[in-house]
Amino acid sequence: MSGAVSTRACWVDCARTLAMFCIVWLHANAAPAGLGRAVGGAIVLFFLLAGYFLPGQVGNVLVRTGRLALAWLLWSLLSLGLMAVAAPDFEFSWQRSIGWGEAAYNTPLWFLKTLVVYQLVAAGLLALRVLPRFVRVAVPVLMLCSYTTAPAQYAAVRFDYFWIFLLGFALKTLPLARIGDWAEKNMPALFLAGVICLSQPYLLSLYAQWVELPWRHCSLPVGALGWALLMLLGGIACARHLPRGAAALAFCGRWMLFIYAAHSFLLAPLYGGYNPHFLWNIWVPLLVIPLLAAAGWWLNRRFPRTMALLLARKRLT
């Protein structure tokens, strides 16, 4: 696809920003009803990309996991420090401070600790030579399991997203540029597939009611995957038809981990009852995402080593 680069594809960073837009918008309160389903797709997209960009060697996976665990620890300390300053009388809980419980001080931390666990499991499977040989078998099996069980919270980690992570790993055999070219040529068919995926949970629910079977609603696996597909297609469309806008979206996408982990700091005052409801609060992601992207860029220029740690990278350029 035109505009793609060897190390980063513009359309992927654009898709990341579109996904993050939905997350920040939902966390801003007064968002449109049903936006939570799109946020589920955003989380799926992040796990899918994390699996795709995971190294194929055990040692490299462990190194990357160590960096991610350190970033998780640093963000946990920053969240705890913010709580100590903003609410000195709060009841301390180490589980909530690192995102191990359901009500973390900084909500996005659950994603970081879940991804750390996924990467450790992937490293073990690579060491046993189970991956990538059996990944095509593991993905459909785990996908079906997510239909029959509630979102697993064993050790406070949601394993119902693990098949998405493995799916991304299975796609590693395809170069990113080839995926982008193929998706661009088949965009109408992929868009229709995404819409069908979105309707799938409702069709299953109606079928369960018709045959009088108990049905536990589950946003995974295919429904949220449809949202993730539409976000990827949106990134491709932006890169193809709106190059200037795509450049701005891609710039924000390069700081996605920083934006994801830090946006709660800016949104915290909105949770105190002083939230102005205006235009569904769509102004919040439009303001927060560019502001944090600019902050990440500035901090990287002044403190490159610190930003590399916060972003779980070896070194930023």
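The structure is a predicted model. The chain contains 14 helices and zero strands, and 45% of its 317 residues are buried.

**Overall architecture**

- Read from the N terminus, the elements follow the order α-α-α-α-α-α-α-α-α-α-α-α-α-α.
- Among the contacts in the chain with a separation of 6 or more, 78% are between residues 24 or more positions apart.

**The nonpolar core**

- The largest nonpolar core consists of 84 residues.
- Phe47, Trp75 and Phe165 are the residues with the most contacts inside this core.
- Helix α2, which covers residues 35–52, provides the largest share of this core, with 13 residues.
- When neighbours within four places in sequence are left aside, Phe47 is in contact with Trp110, Phe111, Thr114, Leu115, Tyr118, Tyr161, Ile164 and Phe165.

**The second largest pocket**

- The volume of the second largest pocket is about 470 Å³.
- Its lining is made up of 20 residues; Leu48, Leu171, Ile179, Leu229 and Leu232 are those that lie nearest the centre of the pocket.
- Helices α1 (10–27), α2, α8 (176–185) and α10 (222–241) each supply at least two residues of this lining.
- Helix α10 gives the most to the lining, with six residues.

- Thr65 is located in helix α3, which spans residues 58–86, whereas Gln119 is located in helix α5.
- Thr65 counts as buried because its relative accessible area is 4%, which is under the cut-off of 20%.
- Gln119 also counts as buried, because its relative accessible area is 3%.
- The side chains of Thr65 and Gln119 are joined by a polar contact of 3.0 Å.
- Apart from residues up to four places away in sequence, Thr65 touches Val116, Gln119 and Leu120.
- With neighbours within four places in sequence left aside, Gln119 is in contact with Leu54, Val61, Arg64, Thr65, Leu68 and Phe165.
- Phe165, a contact of Gln119, is also one of the contacts of Phe47.

- Leu249 belongs to helix α11, which covers residues 243–253.
- Leu249 counts as partly exposed because its relative accessibility is 21%, a value that lies between the cut-offs of 20% and 50%.
- Leu249 and Leu18 are 231 residues apart along the chain, and their C-alpha atoms are separated by 7.9 Å.
- Not counting residues up to four places away in sequence, Leu249 touches Asp13, Cys14, Thr17, Leu18 and Cys238.
- Arg37 lies in helix α2 and is partly exposed, with a relative accessible area of 44%.
- Arg37 and Leu198 are 161 residues apart in sequence, while the distance between their C-alpha atoms is 9.1 Å.
- Leaving aside neighbours within four places in sequence, Arg37 is in contact with Tyr202 and Trp227.

- Most residues other than glycine have a negative phi.
- Arg129, which is not a glycine, has a positive phi near 65 degrees.
- Arg129 lies in the loop between α5 (109–127) and α6 (135–148).
- Arg129 counts as exposed because its relative accessibility is 65%, which is over the cut-off of 50%.
- Asn281 is not a glycine either, and its phi is positive at about 60 degrees.
- Asn281 is found in the loop between α12 (256–267) and α13 (283–302).
- Asn281 counts as buried because its relative accessibility is 0%.

Conventions
Residues numbered from 1 in each chain as written. Predicted model: local features only at pLDDT ≥ 70, side-chain atom pairs only at ≥ 80, totals over all residues. Heavy atoms only, no water. Helix = DSSP H or I, 4+ residues; strand = E, 2+ residues; numbered from the N terminus. Buried < 20%, exposed > 50% of the residue type's maximum accessible area, 1.4 Å probe, protein only. Contact = heavy atoms within 4.5 Å. Core = buried A, V, L, I, M, F, W, Y, C linked by side-chain atoms within 4.5 Å. 1 Å grid on protein atoms, 1.4 Å probe; cavity = no way out; pocket = protein on both sides within 12 Å on 5 of 7 lines; lining within 4 Å. Points joined across faces, edges and corners; volume = space filled by probe spheres on them. Polar contact = N/O pair within 3.5 Å; in protein donor to acceptor, adjacent residues only side chain to side chain.
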